[in-house]
Amino acid sequence: MSIDVSGVSKRYGDFVALDNINLTLPTGQLTALLGPSGGGKTTLLRIIAGLETPDGGSVVIEGNDATRLPVQKRNVGFVFQHYAAFKHLSVARNVAFGLEIRKRSKADVKAKVEELLALVHLSQFADRLPSQLSGGQRQRMALARALAIEPTVLLLDEPFGALDAKVRKELRDWLRRLHDEVHVTTVFVTHDQEEALEVADEIVVINEGRVEQVGTPDQLYDQPANDFVMGFLGEVTTVGDVRVRPHDVEVAVAPGVPGAVTGTVRRMLRIGFEVRISVATEGDAPDVTVVMTRTHARQLELAEGTRVWLTPAAGATTMAAARDAVPA
């Protein structure tokens with residue numbers, strides 16, 4: 001179900017956590033709230049959940065004003081970063097908890113729990129305690145528990161933040177597949193740009209309590225609204241008077257390229273199949289960062305000390321570099 005946030009503001013003393021947020025989150029969509037720590041994304045999520053009350057504005061869920069509704073009346077499922085499992089209950093009982101307090105019949109509870117454990121691939125662990133599961137399995141259990149009450153909205157607060165990189169990657173793929181199966185309106189908070197770009201249908205970039213831009217992953221990456229969005233959604237470097245992504249810098253090893261910036265390779269660092277190159281340019285300009293494949297670097301016969309000519313690639317996303325911009 002859709003969520004409409006209108007004019008929502010929130011302060012904690014002199015600190016402005018949210019400043020007049022206006023946002024519509026469409027039905028059935030997986031939306032990421034992306035931004036730096038302290039930017040306001042978790043505060044917004046908690047206001048949607050009913051765990052915080054806004055100082056001003058309204059939250060409408062499924063056409064009903066939920067601004068002052070208590071949590072238990074919003075039919076919202078919430079998954080925290082640290083699982084919040086009942087340690088003394090089995091996996092099955094953890095998933096069943098929300099159904100049991102709603103006085104569902106034992107037969108209904110049993111059937112629903114079996115269905116959800118199968119959905120999250122935990123059927124074989126139904127009788128285990130949470131402490132006997134891996135971190136990724138505990139997070140899947142938490143998602144099953146949130147889905148058990150059949151929420152109209154599922155809210156996830158950095159659900160994979162406590163897990164290692166490999167498990168986070170696996171769970172991102174799994175969450176996307178799960179969402180495509182259950183089609184519940186889902187909002188998740190993350191500060192991980194790759195996670196948002198990979199999983200979300202739409203991304204809301206929040207910074208200093210304000211919405212910087214809303215759009216699909218492709219729109220935000222290719223058409224950023226401002227320098228902050230461009231820099232937050234990926235690394236940025238400066239070539240002459242243009243800001244561009246390092247993988248969108250063309251490198252030539254001979255002069256004659258119109259408008260090219262001349263420089264000298266200062267350092268080369270290989271990371272797997274990629275090579276990261278720092279190019280010192282003339283004057284006081286900061287080094288230009290270039291990213292290319294190892295194969296490409298070998299074809300150009302690049303080495304420290306090589307003279308090169310740099311230009312933004314055709315079709316690259318670029319922005320004018322401010323004269324007082326902080327070097328990327």
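Arginine 128 is in contact (heavy atoms within 4.5 Å) with Ser90, Val91 and Leu133, leaving aside its neighbours within four places in sequence. Arginine 128 lies in the loop between α3 (106-119) and α4 (135-148); helices (H or I, at least four residues) and strands (E, at least two) are DSSP runs, numbered from the N terminus. This is a predicted model, in which local features need pLDDT of at least 70 and side-chain atom pairs count only at pLDDT 80 or more, while totals for chains, interfaces and linings use all residues. Residues are numbered from 1 along each chain as its sequence is written, and side-chain values use heavy atoms, with hydrogens and water left out.

**Arginine 128**

- With a relative accessible area of 36%, arginine 128 is partly exposed; buried means under 20% relative accessible area, exposed over 50%, and partly exposed in between (1.4 Å probe, protein chains only).
- Between arginine 128 and threonine 295 there are 167 residues in sequence and 49 Å in space, C-alpha to C-alpha.

**The six-stranded sheet**

- Six strands make an open sheet with mixed pairing, in the order β6-β7-β8-β3-β9-β10; two strands pair if DSSP finds at least two bridges between them.
- β6 (76-79) and β10 (210-215) each have a single partner strand and stand at the edges, so one side of each is left without a neighbour in the sheet.
- On average, neighbouring strands of this sheet are turned by 15° against each other, direction ignored; axes are lines fitted to C-alpha atoms, for helices over the stretch in contact, and angles run from 0 to 180 degrees between N-to-C directions.
- Strand β3 (residues 30-34) and strand β9 (residues 202-207) run parallel and are joined by four bridges.
- In this pairing, leucine 33 stands opposite valine 204 in β9.
- α1 packs on the sheet and touches β3, β6, β7 (153-157), β8 (185-190) and β9. The direction of α1 makes about 150° with that of β7.

- Seven of the nine residues of α1 are buried, so the helix is mostly covered.
- The buried residues are Lys41, Thr43, Leu44, Leu45, Ile47, Ile48 and Ala49.
- Leucine 51 is in the loop between α1 (41-49) and β4 (56-61).
- Leucine 51 counts as partly exposed because its relative accessibility is 33%.
- Leu51 forms a nonpolar patch on the surface with Val71 and Phe80, and together they have about 200 Å² of accessible area.
- Patches are made of residues with over 30% relative accessible area and no salt bridge, with like charges joined within 9 Å and nonpolar side chains (Val, Leu, Ile, Met, Phe, Trp, Tyr) within 5 Å. A salt bridge is a side-chain nitrogen of Lys or Arg within 4 Å of a carboxyl oxygen of Asp or Glu. Accessible areas come from the Shrake-Rupley method with a 1.4 Å probe, and for residues only the protein chains shown count as cover.

**Lysine 10**

- Lysine 10 is placed in strand β1 (residues 3-12).
- Lysine 10 counts as buried because its relative accessibility is 10%.
- Not counting residues up to four places away in sequence, lysine 10 touches residues including Thr43, Ile47, Glu52 and Asp55.

**The three-stranded sheet**

- An open sheet of three antiparallel strands has the order β11-β12-β18.
- β11 (237-239) and β18 (318-320) are the edge strands, and each pairs on one side only.
- From one strand to the next, the twist averages 35°.
- β11 is joined to strand β12 (residues 242-244) by three bridges, and threonine 238 stands opposite arginine 243 in β12.
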